[in-house]
Amino acid sequence: MTERRPFVLLSVAVSLDGYIDDNHPERLRLSNAADFDRVDEERQNVDAILIGANTVRRDNPRLVVKSEERRAQRVANGKPAYPTKVTITASGDLDPGSKFFGAEGAEKIVYTTDGSQTTAKERLGDVATIVALGETVTPAAVLANLASRGVERVMVEGGGHIHTMFLTADLVDELQVVFAPIFVGQNSAPRFVYEGVFPQDFRNRMELIETRAVGDCALLRYRPIR
């Protein structure tokens, strides 16, 4: 993209064998209390947090800044207490009662296709802004629309298909990966990324800008070299 777009921070916690969850009904919490607090601090500094529809259904996250002090600091800086919550759905099939659509006062935006716009508005029009972006929803189109709404910094938090969309489109400006000291070992479990053509491959390595121990986990921060 040549036009101005938001800065994209992709944040993920993974097992040592590359999974972001297991196949059990309850969500697998890979990181620890110290890392949850670190992620909360990152959320404080963004204008929007983006996840895929599968993550809304599977994890049912609130996706908010939990610290009252951090929310107060956002307000003092002239921002809403909570970042805008963003999701992408090709079908519009989401539960309006999900925690994602909770009434914390955060703006919610649902990006969908032209074909699913009516379904999305019927199901979610009372709890979110519905935006149709054509026959398919691309990360570039999502970022362009967010930029038109004044969003300057986006935190992408999953799941694997969303990670793959943004990384293969070369639209990630910083990657934060937290490795948990466990193995999942289930081939059908959700992975960090899926098959695709990634610009950052063996010919175009990313730049490691920080490593840090976070309790028993390890944080690695990368930036692409463009």
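Is Phe101 buried or exposed? Phe101 is buried, at a relative accessible area of 6%. Buried here means under 20% relative accessible area, exposed over 50% and partly exposed in between, with a 1.4 Å probe and protein chains only.

The model is predicted: local features need pLDDT of at least 70, side-chain atom pairs count only at pLDDT 80 or more, and totals for chains, interfaces and linings use all residues. Residues are numbered from 1 along each chain as its sequence is written, and side-chain values use heavy atoms, without hydrogens and water.

**View 1. Phe100 and Phe101 form an aromatic pair.** Rings of Phe, Tyr and Trp (its six-membered ring) pair if their centres lie within 6.5 Å; planes under 30 degrees apart are stacked, over 60 edge-to-face, and the rest tilted. The count by this rule is 1 aromatic pair.

**View 2. Charged ends sit over the rings of Phe100 and Tyr19.** The rule asks for NZ of Lys or CZ of Arg within 6 Å of the ring centre and within 35 degrees of the ring normal. Lys85 lies over Phe100, 5.5 Å from the ring centre. Arg191 lies over Tyr19, 4.5 Å from the ring centre.

**View 3. Helix α6 spans residues 160-168.** Helices (H or I, at least four residues) and strands (E, at least two) are DSSP runs, numbered from the N terminus. Buried residues of α6 are Gly160, Ile162, His163, Thr164, Phe166 and Leu167. They pack against β1 (7-14), β2 (48-52), β3 (84-88), α5 (139-148) and β6 (153-156). Contact means heavy atoms within 4.5 Å. Asp170 follows α6, with a positive phi near 60 degrees.

**View 4. The largest pocket holds about 1,200 Å³ of space.** A pocket is an open set of points on a 1 Å grid over the protein atoms alone, where a 1.4 Å probe fits, with protein on both sides within 12 Å along at least five of seven lines; lining residues have an atom within 4 Å of a point. Of its 48 lining residues, Arg27, Ile51, Thr55, Asp59 and Glu157 are the closest to the centre. β1, α1 (33-44), β2, α2 (53-59) and α6 each give two or more residues to the lining.

**View 5. The second largest pocket holds about 220 Å³.** Its lining is Leu167, Leu175, Phe192, Val193, Phe198, Gln200, Asp201, Met206 and Tyr222.

Definitions and conventions:
Grid points are joined across faces, edges and corners, and a volume is the space filled by probe spheres set on the points.
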